[in-house]
Amino acid sequence: MKRVSQLTALALLCGLASFSSLAADMPNAMTLSQLQAQHGTPVDTRASAIYNGWPQTLSGPSGHEPAALNLSAAWLDAMSDEQIALWAKQHQLSPSSAIALYGNARDNQAVRARLEKAGFHSVSLLSDALQTPERLQRLPHFEQLVYPQWIHQLQQGKPVVAAPEGDWKVIEAAWGAPKFYLLNHIPGAGYIDTNEVESEPLWNKVSDDKLKAMLAKHGIRHDTTVILYGRDVYAAARVAQIMLYAGVKDVRLLDGGWKAWSDANLPVERGTPAKVMPAPDFGTPIPGQPQLMVDMTQARGMLHRQDASLVSIRSWPEFIGETSGYSYIKPKGDIAGARWGHAGSDATHMEDFHNPDGTMRTADDIATMWKRWNILPEQQVAFYCGTGWRASEAFMYARAMGWKKAAVYDGGWYEWSSHPQNPVSTGERGPDSAR
């Protein structure tokens, strides 16, 4: 069986409460300039979608305070004290660090209590948070990672920020028959089996002609906004990346996948997908964005360059050759000269890219992780994994982060390792090995 794992992010309550700063009425409040004078750190206690740039109201502020970290109060139940301490260590916070929180009053109090329990005693409130819109920072393309309440409001016909310009569809993506979909899914969602976009023997994308037929079958044109979600985020990401390659202009992911919808306690539906009216024509030649996929020859040409990175989105045990990661891939090791882009604990996890609720980690965290291996936004970057799923999730995050020259090496380790002449590395190694 190809892939059967489910999104393993821990559960959380993902409510988007409206922001109301009561810092002026509470002790230990300071302005951003005062915090910066102490070399302190602002911490945003709101949900990651709001931190990334989604405004909580149609005319509300968008983004987060400069250099703010995100520690959503909604994550706290899913984080042990050790995980709180690890989060602080990863962000170079010490017990004496000045920290100023902002969000709604209840969230601030909850985060403050956990930080103080963890030994942080210089925790205050940011009194002027979100009051100067021009200084706020946001994910360059936050709209490409939607959140559950946005979909729900869109479905209800309510006005939403970053609304689709024309027709739109919500679609669940998974491997094989829709067994979980039949039990519960987002109301009105269609279903795409990943076998419709990739095929054996190497699980590369199907031909352009088959892509055209698949898109037509699901009523998708180049100007249809497609909102994808999955029980596994990377299944939806795989379909999303291939749709973008084909030329669908506006493809979005539900950040955190089905788990985010379920945790938001929004309506669900049972049963088979509704019948879809096929699209008579895609409306533009396929592929519309061929540069989003690289082949093996192109991937080989990206090795050992400072202006390019071939990036392995595989677990460390896969990267150093302890395991291939897959029952159906026998060779172990990784592409010699590739840079390690992180992934998770094994071939079915992506914890390195996820918050405790399974949503995307902050762009700053991901960029910092990649920079250690000389993976930089100005480079030509191609992500790969075993067969394309994890690579596609990393690609979708890079795209939301504004990386303009990101692609996926579709063949990945499965294709590369099937050609004995290709260079392979095993064993412990660091960033210098890819120079």
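1. Trp 87 is found in helix 3, residues 81–90. Helices (H or I, at least four residues) and strands (E, at least two) are DSSP runs, numbered from the N terminus. Trp 87 counts as buried because its relative accessibility is 8%. Buried means under 20% relative accessible area, exposed over 50%, and partly exposed in between (1.4 Å probe, protein chains only).

2. On sources: this is a predicted model, where local features need pLDDT of at least 70, side-chain atom pairs count only at pLDDT 80 or more, and totals for chains, interfaces and linings use all residues. Residues are numbered from 1 along each chain as its sequence is written, and side-chain values use heavy atoms, with hydrogens and water left out.

3. Confidence comes next. pLDDT is the predictor's confidence in each residue, from 0 to 100. The protein chain has a mean pLDDT of 93, and 94% of its residues reach 70 or more. Residues 1–26 stay under 50, and the model has 77 contacts for them beyond four places in sequence. Contact means heavy atoms within 4.5 Å. Where pLDDT is low, the predicted coordinates should not be read in detail.

4. Which residues does Trp 87 contact, leaving aside its neighbours within four places in sequence? They are Val 43, Leu 69, Asn 70, Leu 71, Met 79, Leu 93 and Leu 115. Leu 71 is 16 residues from Trp 87 along the chain, and their C-alpha atoms are separated by 8.8 Å.

5. Helix 3 packs with helix 4 (residues 105–117) at an angle of about 90°, the axes being 10 Å apart. Axes are lines fitted to C-alpha atoms, for helices over the stretch in contact, and angles run from 0 to 180 degrees between N-to-C directions. Helix 3 and helix 4 are therefore roughly perpendicular. Angles under 35 degrees count as roughly parallel, over 145 as roughly antiparallel, 65 to 115 as roughly perpendicular and the rest as oblique. Helix 3 contributes Asp 81, Ile 84 and Trp 87 to the contact, and helix 4 contributes Arg 114, Leu 115 and Lys 117. By class, that gives three nonpolar, no polar and three charged residues. Here Ala, Val, Leu, Ile, Met, Phe, Trp, Tyr, Cys and Pro count as nonpolar, Asp, Glu, Lys and Arg as charged, and the others, Gly among them, as polar.

6. Two strands pair if DSSP finds at least two bridges between them.

7. Strand 6 (145–146) joins strand 12 over two bridges. Leu 145 stands opposite Leu 253, and Val 146 has Leu 254 as its bridge partner. Strand 11 and strand 12 pair over four bridges, with Ile 227 opposite Arg 252. Strand 7 and strand 11 share five bridges, and Lys 169 stands opposite Val 226. Four bridges join strand 7 to strand 8 (residues 190–193), where Ala 173 faces Ile 192.

8. How many residues of strand 7 are buried? Five of its seven are, and strand 7 is mostly covered. Strand 12 is also mostly covered, with four of its five residues buried.

9. Helix 5 (residues 148–155) has six of its eight residues buried, so it is largely enclosed by the rest of the structure. The buried residues are Pro 148, Gln 149, Trp 150, Ile 151, His 152 and Leu 154. Their cover includes strand 6, strand 7 (168–174), strand 11 (225–229), strand 12 (250–254) and helix 9 (257–263). Gly 157 follows helix 5, and its phi is positive, near 80°.

10. Another open sheet of five strands has the order 13-18-17-14-16, again with parallel pairing. Its edge strands are strand 13 (293–294) and strand 16 (339–340), each pairing on one side only. Strand 13 pairs with strand 18 (residues 406–409) over two bridges, and Val 294 stands opposite Tyr 409. Helix 13 (residues 389–400) packs on this sheet and touches strand 17 (380–384) and strand 18. The direction of helix 13 makes about 175° with that of strand 18.
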